[in-house]
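Subject: Structure handover, salt bridges

Hello,

Please find the structure below. My notes on its salt bridges follow.

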Amino acid sequence: MQEEENQEDPFGESVEENEPAKGVWDCFCIPIYWFSMLSREMHWSFVFGVVVVYGISQGLGGALAGVGTKYYMKDVQKVQPSEAQVYAGITSIPWIVKPLWGLLTDVLPVFGYRRRPYFIFAGFLAVIAMLLLSLHENMHLVLALLSLTAGSAGVAIADVTIDACVAQNSISHPSLATDMQSLCAFSSSIGALLGFSISGIFVHLIGPMGVFGLMTIPAGLIILVGFLLDEPRMPNSSYRQVKQNFLDAGKAMWTTLRCEDVWRPCLYMYLSLALSLNILEGMFYWYTDSKGGPSFSQEGVGFIFSISSVGSLLGAILYQYALKDYAFRDLLFWTQLLYGLSGMLDLILVLRWNLKFGIPDYFFVVVVESIAQMTNRLKWMPMLVLSSKLCPSGIEGTFFALLMSIDNVGLLSASWIGGFVLHILRITRTQFDSLWLAILIRNILRIAPLCLLFLVPRADPNSSILPSESLNSKVAIETLDTKNVELVSLVHDVDGKI
């Protein structure tokens, strides 16, 4: 009996030893199985397109281009921080007109295709813009801004087009809608983390213009997506309905915006973003200043931004698993308050109080940037969910793009007002005496939207916000192949016709 027990015990121990190994292997294989499932259900070219657009173009490429542009404006064009702040707003204008790109890809097919030509056009536009920036050493500032704006337009068009593909597959595969959003978020987060990690290294090795040259690779991959995407061709293409489709879509969006349950939250989202002044360029110039600032190296700046992207990811996880079921107004109150108070850490940094407590600049900046990104993500996530609740049935994709454009106008306003504040306070490339005051003004204005929370509904994320008649009344905008159109514009128009 004793021998049998001795034989059984080792066997039991071997099973226990193998279970952890099996668990680790399963964790490693789960993402592979997940990607395989999505590729099998929705075609591998769609998954490839999401990874390229969200992960490589926006995530990795956006991080590289963001850091490269900051050093390009500072070291090549030699502009003041207030000017760089305004120019950053100008280059974001293509994101403000996202509904235009959405309408084009929805109602204006090219050679019988509604998605593939727009990927190809967006890729070529970005390639040309990045090549111009990388090859001309003494490019005039105006031409540089045009090239940067054109590159931004290429990324924005590709973003809207892949969003339309996601919407299409969300309708044809409703059970996989959340998986597709997770794929987008996962690709973007991993791409940004990798991009920021290597951005400072590449800026140091090849300079900002060399980084722009690298940006032709993500743009070229977008062109490849256009050629590989599995999309049926619509025969007998006709453009007779294009004008009417645009008019109907415009009527539908205007009618929805006139609804009080829609324009009030939209007004809050715009004002909350516009009042959160953007003075990032002033902070960046101070980060790299050798006299008044901590004089971070290019590699150090890239590493700081990479760590802050982890903070953004943590914010998204915290919202998903702990905060997503709270009412919009209650959650926005606490996240906006936390967002304003967390900005005071920048004040401690600029006044150098952290050194008095023995906290090194590098460590403190990493903590500050991580908290800033996390709180910003916590504030942004309920706004995204609220925006999705404001979209009427049938034009979800196009109307969501319109709401995102409103938010982008708010970000543009914050950027330009922030640049004006930097200019008024005489914060230049070498003078940062008043930077603390700019931070204080920004933090006070960040708390101001708390007085506007009455514009936000008390509803929770699981309830409907739009009136029932807005959800049930539909008018179809004709397309060439209604069976395959995922964003058929279906709303009631101003004439009340069905």
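A salt bridge here is a side-chain nitrogen of Lys or Arg within 4 Å of a carboxyl oxygen of Asp or Glu. Keep in mind that this is a predicted model. By that criterion the structure holds six salt bridges, and three of them are described here, including the one between Glu260 and Arg264.

Glu260 and Arg264

The closest N and O atoms of Glu260 and Arg264 are 3.7 Å apart, so the pair falls within the 4 Å cut-off. Both residues belong to helix α11 (residues 260-274), and because they are four residues apart there, about one helical turn separates them. Glu260 is partly exposed, at 47% relative accessibility. Arg264 is also partly exposed, with a relative accessible area of 23%.

Arg442 and Asp346

In this salt bridge the N to O distance is 3.0 Å. The pair links distant parts of the chain: Arg442 lies in helix α19 (residues 435-447) and Asp346 in helix α15 (residues 344-350), 96 residues apart. Arg442 and Asp346 are both buried.

Lys74 and Asp75

Lys74 pairs with Asp75, with 3.5 Å between the closest N and O atoms. Which of the two partners is buried, and which is partly exposed? Lys74 has 16% relative accessibility and therefore counts as buried, the limit being under 20%. Asp75 has a relative accessible area of 33%, so this residue is partly exposed.

Regards

Methods
Residues numbered from 1 in each chain as written. Predicted model: local features only at pLDDT ≥ 70, side-chain atom pairs only at ≥ 80, totals over all residues. Heavy atoms only, no water. Buried < 20%, exposed > 50% of the residue type's maximum accessible area, 1.4 Å probe, protein only. Helix = DSSP H or I, 4+ residues; strand = E, 2+ residues; numbered from the N terminus.
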